[in-house]
Amino acid sequence: MVLLTEEKKQHIRELRRKAMKLPLHPGVYIMHDKDGTIIYIGKAKALKNRVSQYFGSEKNHDEKVRRMVSNVEYFEYILTDSEFEALILESSLIKQHQPKYNILLKDDKGYSYIKVTAGDWPRISETKQVLDDGAKYIGPYLSAWTIKDTVEEARKIFRLPSCSRKFPQDFGKGRPCLNYYIKQCSAPCRGNVSREEYQEAVQEALDFIRGGASDSVRALTAKMNEAAENMEFELAARIRDRIAAINKLKERQKVVASRVPEQDVFALVLGGEKVSVQVFRFSGGRLYDRESFILNGDSDPEQIRSEFLTQYYAIRDRIPPVVTLDGPVNDGEVIAEWLTRRAGRRVKLHVPQKGEQKQLVEMCRTNAAEALAQATGRTTGRETSALDELRKLLNLQKTPEYIESYDISNLAGGENVAGMVVFENGRPLKSAYRRFKIKTVQGQDDYGSMREVIARRFAEYRGAASAEGFGRLPDLILLDGGKGHVAAVRPLLREMGVDVPVYGMVKDDKHRTRAIAEDGGEIAINSNRTAFTLVSTIQDEVHRFAIGYHRQQRKKNTISTTLTGIPGIGETRARALMKHFRTVRAVSEATVEMLEETPGMNAPAARAVYAYFHPAGAEAGQGPES
């Protein structure tokens with residue numbers, strides 16, 4: 001969280017006054033820090049409107065923009081004749097200055113090669129550099145992803161080593177690695193593989209890489225039959241196993257195809273201060289390359305797509321006729337015109353709503369979520385995808401990494417309680433769960449009870465000394481209930497100055513999650529979406545937690561009622577007995593002497609309790625002095 005001094009706030013107000021004097025004209029604006037370094041470059045259709053937004057209320061910005069604005073010392077601008085010219089100038093200046101707060105991509109695509117080292121025990125690997133080291137290089141290949149994946153599969157199928165051991169120097173030194181035991185390496189380090197066998201496996205792997213699975217199977221089948229005819233059954237069995245591994249790989253591989261012959265598919269997932277962008281590239285209707293990017297981005301997906309597309313294609317020679325996106329993009333018409341001029345033919349930006357293209361976008365998005373999960377190490381790809389999907393569904397400004405959910409539980413207005421559960425990064429955070437006894441509401445008034453709970457929780461937030469527990473502001477509040485619950489709580493939060501989005505979770509007549517409630521209606525959730533699974537899990541968990549607390553309180557009150565029914569035992573003595581003996585059964589089995597030793601009890605009260613549980617032999621249990 002950026003904390004601004006009064007001096008800095010005054011400086012930002014001065015920058016806003018200057019921005020309000022800018023013309024309503026297309027152009028590029030350039031932000032500088034106190035050292036004169038360019039920290040951000042942007043374009044605008046109307047400079048005055050766009051630049052003045054940065055220096056308005058900080059509530060309208062995410063954390064990244066607030067940090068950037070806090071570092072702006074001054075800005076300058078360049079007028080252009082059109083928004084299109086502004087886009088071209090912006091792209092050129094970003095490439096030249098590499099500003100800190102712009103999305104930055106490196107031009108490291110290059111070509112890939114397959115490297116086969118020299119010597120009697122050659123190794124196969126993927127590389128981007130051709131060196132004068134005596135190795136054999138095969139290529140170049142355009143797709144690093146395809147080559148890397150193919151080399152890895154070839155090593156597994158033909159059981160070639162991927163370790164750093166050197167042969168024959170390291171023969172017999174140490175035990176084989178895990179790959180040997182899972183049958184993905186023949187372990188030449190043991191010294192049990194001949195040089196001829198090893199070189200044959202390397203050659204077969206290269207044939208597989210060059211010719212593909214089908215050609216390899218045909219060649220290996222011929223070899224296997226020849227070995228069998230020559231009664232070389234051990235060799236035939238080894239070849240048979242390789243053929244089986246290739247066929248297993250073919251069955252496992254999912255051929256991703258598209259009816260659009262040539263296109264690029266983009267999808268992004270937001271995760272806090274990180275953004276994951278995945279690109280699937282198609283040629284001839286087949287997926288031939290995939291690229292993954294983890295960026296420092298803001299929370300506006302339309303702006304991220306705009307910046308990413310211009311920088312991505314600024315460093316790419318190939319621009320397909322169709323660019324498929326997972327959502328709208330700022331200045332889409334201008335970007336499409338820019339791409340068209342760069343490609344020398346019409347380029348279309350397409351956001352599919354259904355069918356095959358929509359499925360491709362979802363697949364791309366799933367991979368983006370998985371890449372983000374791997375990069376952050378916080379959640380699985382499915383949980384990351386669900387949180388991003390929920391953000392899009394509810395039109396939230398940021399990904400709801402920290403969610404609080406509330407439910408009221410009572411029986412005809414009795415034992416009125418509430419439960420609060422917390423989900424962090426899509427997972428239950430049980431250490432943050434809280435329980436509430438309703439104090440100010442009598443009878444069955446769920447709306448009033450919910451208002452009391454929310455008021456108590458955020459009163460704690462305002463007085464918290466740290467950013468843990470109630471000192472942390474959630475990204476989203478989900479109430480177990482419909483639009484009535486939302487309408488009851490939202491005005492209260494506004495009165496308290498708490499800016500957190502609030503929605504309800506609505507169940508159908510079978511008590512399954514059906515929709516998300518707004519103040520004025522409902523948002524349907526498709527049951528096959530990951531967001532649906534997440535919301536259903538949250539709703540079931542908060543209901544379980546609240547009703548569990550309600551049952552506990554009801555049981556406790558029932559026990560208390562049992563003891564207060566004894567003459568001379570009121571609420572205070574009943575609580576003292578339960579605290580001392582823990583259970584009613586333990587109280588019933590105690591002697592008069594043991595009862596009398598309980599704090600707050602006296603001899604008459606102890607005899608009354610004993611008599612209540614032992615009506616036939618009250619005197620017998622009074623101890624040896626009775």
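**Overview of the chain.** The protein chain holds 19 helices and 19 strands, taken as DSSP runs numbered from the N terminus, with helices (H or I) of at least four residues and strands (E) of at least two. This is a predicted model, in which local features need pLDDT of at least 70 and side-chain atom pairs count only at pLDDT 80 or more, while totals for chains, interfaces and linings use all residues. Residues are numbered from 1 along each chain as its sequence is written, and side-chain values use heavy atoms, with hydrogens and water left out. Of the 626 residues in the protein chain, 47% are buried (buried means under 20% relative accessible area, exposed over 50%, and partly exposed in between, with a 1.4 Å probe and protein chains only).

**Close-up of the cis peptide bond between F167 and P168.** The bond joining these two residues has an omega of about 5°, and P168 lies in the loop between α5 (144–157) and α6. Most peptide bonds are trans.

A187, a residue other than glycine, has a positive phi near 55°, and its relative accessible area of 1% is why A187 counts as buried.

Most residues other than glycine have a negative phi.
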